[in-house]
Amino acid sequence: MISSRVPIRKCIVCSERKPKKEFLMIVRPAKSEERVELNVMSGEDKKSGRGYYICRDVNCIQRAKKTHRLERLLSKKYNFEPEKIYELLEKAVHGDD
């Protein structure tokens, strides 16, 4: 019997490795798209583009906000509102409870 492989990802804040399903994912669309917009989704969803994974933990999100982790990861040429992304992340964590 062959067991299916579980994809493992790493948190951008705490560097903890876990199964993909346990993360929230921030997706930056491909550069070829005209309108650049970041999306926050569960780790199970799929969307094309560059994905960043963050733990479903309020402490990890607050730490990312405090250290400006997203701002450093995403180059300045992409227009996005960091506060909006952090707000979406916190809503996603509280919505799971």
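**Note on the sheet, the aromatic pair and a pocket**

1. Strand 3, which covers residues 23-28, is joined to strand 4 by 4 bridges, and the two run antiparallel. Here a strand is a DSSP run of E with at least two residues, numbered from the N terminus, and two strands pair if DSSP finds at least two bridges between them. One of the partners across this pairing is M41 in strand 4, which is the bridge partner of M25.

2. Before going further, please note that this is a predicted model, in which local features need pLDDT of at least 70 and side-chain atom pairs count only at pLDDT 80 or more, while totals for chains, interfaces and linings use all residues. Residues are numbered from 1 along each chain as its sequence is written, and side-chain values use heavy atoms, with hydrogens and water left out.

3. Strand 3 is also joined to strand 5, by 6 bridges, and these two strands again run antiparallel; within this pairing, R28 stands opposite R50 of strand 5.

4. Buried means under 20% relative accessible area, calculated with a 1.4 Å probe on protein chains only.

5. F23 and Y53 form an aromatic pair that is edge-to-face, with 6.0 Å from centre to centre and 65° between the planes; rings of Phe, Tyr and Trp (its six-membered ring) pair if their centres lie within 6.5 Å, and planes over 60 degrees apart count as edge-to-face. The pair links distant parts of the chain, since F23 lies in strand 3 and Y53 in strand 5, 30 residues apart. Both F23 and Y53 are buried.

6. Two charged side chains sit over rings, a term that requires NZ of Lys or CZ of Arg within 6 Å of the ring centre and within 35 degrees of the ring normal. The charged end of K18 lies over the ring of F23, 5.7 Å from its centre, while R50 lies over the face of Y52, at 4.5 Å from the ring centre.

7. Strand 5 supplies 4 residues to the lining of the second largest pocket, which is the largest share.

Note on methods:
Rings of Phe, Tyr and Trp (its six-membered ring) pair if their centres lie within 6.5 Å; planes under 30 degrees apart count as stacked, over 60 as edge-to-face and the rest as tilted. Buried means under 20% relative accessible area, exposed over 50%, partly exposed in between (1.4 Å probe, protein chains only).
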